[in-house]
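The following exercises concern a single protein chain.

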Amino acid sequence: AEIYALGKNLLEQAIESCPFIFDDLIAIENGDENKYDKLAEIIDISDDSECLFDNSVELLNYTENPEIAVARAALIGHTNFPTKKIENILTNKKYVAQIIELVLSDRRPRELEQINFTFRINSVTLAAITHLTRHRMQSIIIPPFQDVCKCERYIIPDTVKADARLLKRYKDAYAKTKELYERLHSKGLNKYEISYLYLSGNVIDITTTMNGRELLTFIGLRSCNRTQWETRGIAVKMLNLLRDVSPLLFKHFGPNCYIKGNCPEGKMTCGMYCEVQKRFCDSIITL
């Protein structure tokens, strides 16, 4: 409701300033947020399974033979060879590897935009979502927040787990929040108003699709040791999945110091350049 009010206010100002451009936008769709309630009429969406905290990352779909797709785009863009000749060149793995290295050495590797990867990221905290959504070049689907408290799923940091007293206080905070949520929900309070109760550690599952160029940027920033630990874990899990389907291409992906050969963080460096290089050279990166 808060964001809706902000959007409506901006639209009114836009219409007043430029009525011929924005007048058609005045027809705001009503009730659109409820359209997926009809899913219950199509399939059984009830779920009696236990709500488990599963912080895995799944690769749902991706461009077939991504390294070939990248090399092909580079050859078409820079040689104008006919397709038949290009396909013949691409049968040579040595040429493909060299072309990929040329692409990744470019400041603007547009060829990477020809490949796409869709991930399901499970049990993402509301706090981590703010980090993920800063990356604009992605198609991200975030479920409505109103069901967050229905399932007792929330993250517990390792530092909290290590202290029994702190762990109890931490769990009590979520239990009290859920109790308050259910009480207000039973009184008929608007679900959008109740969403202000959610804690940053509450989790939901999201889906996102990124092209190869955005993945280079995302992983370069988010697998860095200075990244918030949950987001860093997501980036590393994504990279492990990518290396599994295309090791030739994604062996070159990693934090920016790994990609560029030097740390771009200046005085804020983690001071572990050699360790990071060794760790990301492995085919499977440990968390």
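**Exercise 1.** How closely do the axes of helix α4 and helix α6 come, and at what angle do they cross?

*Solution.* The model is predicted: local features require pLDDT of at least 70, side-chain atom pairs count only at pLDDT 80 or more, and totals for chains, interfaces and linings use all residues. Residues are numbered from 1 along each chain as its sequence is written, and side-chain values use heavy atoms, with hydrogens and water left out.

Step 1. Helices (H or I, at least four residues) and strands (E, at least two) are DSSP runs numbered from the N terminus. Helix α4 covers residues 66-79 and helix α6 covers residues 93-105.

Step 2. Axes are lines fitted to C-alpha atoms, for helices over the stretch in contact, and angles run from 0 to 180 degrees between N-to-C directions. The two axes come within 9 Å and cross at roughly 70°.

Step 3. Angles of 65 to 115 degrees count as roughly perpendicular, under 35 as roughly parallel, over 145 as roughly antiparallel, and the rest as oblique; α4 and α6 are therefore roughly perpendicular to each other.

Step 4. Contact means heavy atoms within 4.5 Å. From α4, the contact is made by E67, I68, V70, A71, A74 and L75; from α6, by V96, I99, I100 and V103.

**Exercise 2.** Determine the setting of I206 in the chain.

*Solution.* Step 1. I206 belongs to strand β4, residues 203-211.

Step 1. Buried means under 20% relative accessible area, exposed over 50%, and partly exposed in between (1.4 Å probe, protein chains only). With a relative accessible area of 1%, I206 is buried.

Step 2. Leaving aside residues up to four places away in sequence, I206 touches F119, R120, I121, V124, I129, L132, I140, I141, I142 and P143. R120 is 86 residues from I206 in sequence, yet their C-alpha atoms are 5.8 Å apart in space.

**Exercise 3.** Are N80 and S123 buried or exposed, and what is the phi of N80 and of S123?

*Solution.* Step 1. N80 lies in the loop between α4 and α5 (83-89). Its relative accessible area is 69%, so N80 is exposed.

Step 1. S123 is found in strand β2, residues 116-125. At 2% relative accessibility, S123 is buried.

Step 2. Neither residue is a glycine. N80 has a positive phi of about 60°, and S123 has a positive phi of about 55°.

**Exercise 4.** Which residues of helix α11 are buried, and against which elements do they pack?

*Solution.* Step 1. Helix α11 (residues 212-222) is mostly covered, with eight of its eleven residues buried.

Step 1. These are G212, E214, L215, L216, F218, I219, G220 and R222.

Step 2. They pack against the helices α6, α7 (126-132), α12 (229-245) and α14 (256-260), and against the strands β2 and β4.

**Exercise 5.** Describe the chain as a whole.

*Solution.* Step 1. The secondary structure comprises 15 helices and four strands.

Step 1. Along the principal axes, the C-alpha atoms fill a box of roughly 70 × 60 × 45 Å.

Step 2. Of the 287 residues, 36% are buried.

Step 3. Among contacts with a separation of 6 or more, 73% involve residues 24 or more positions apart.
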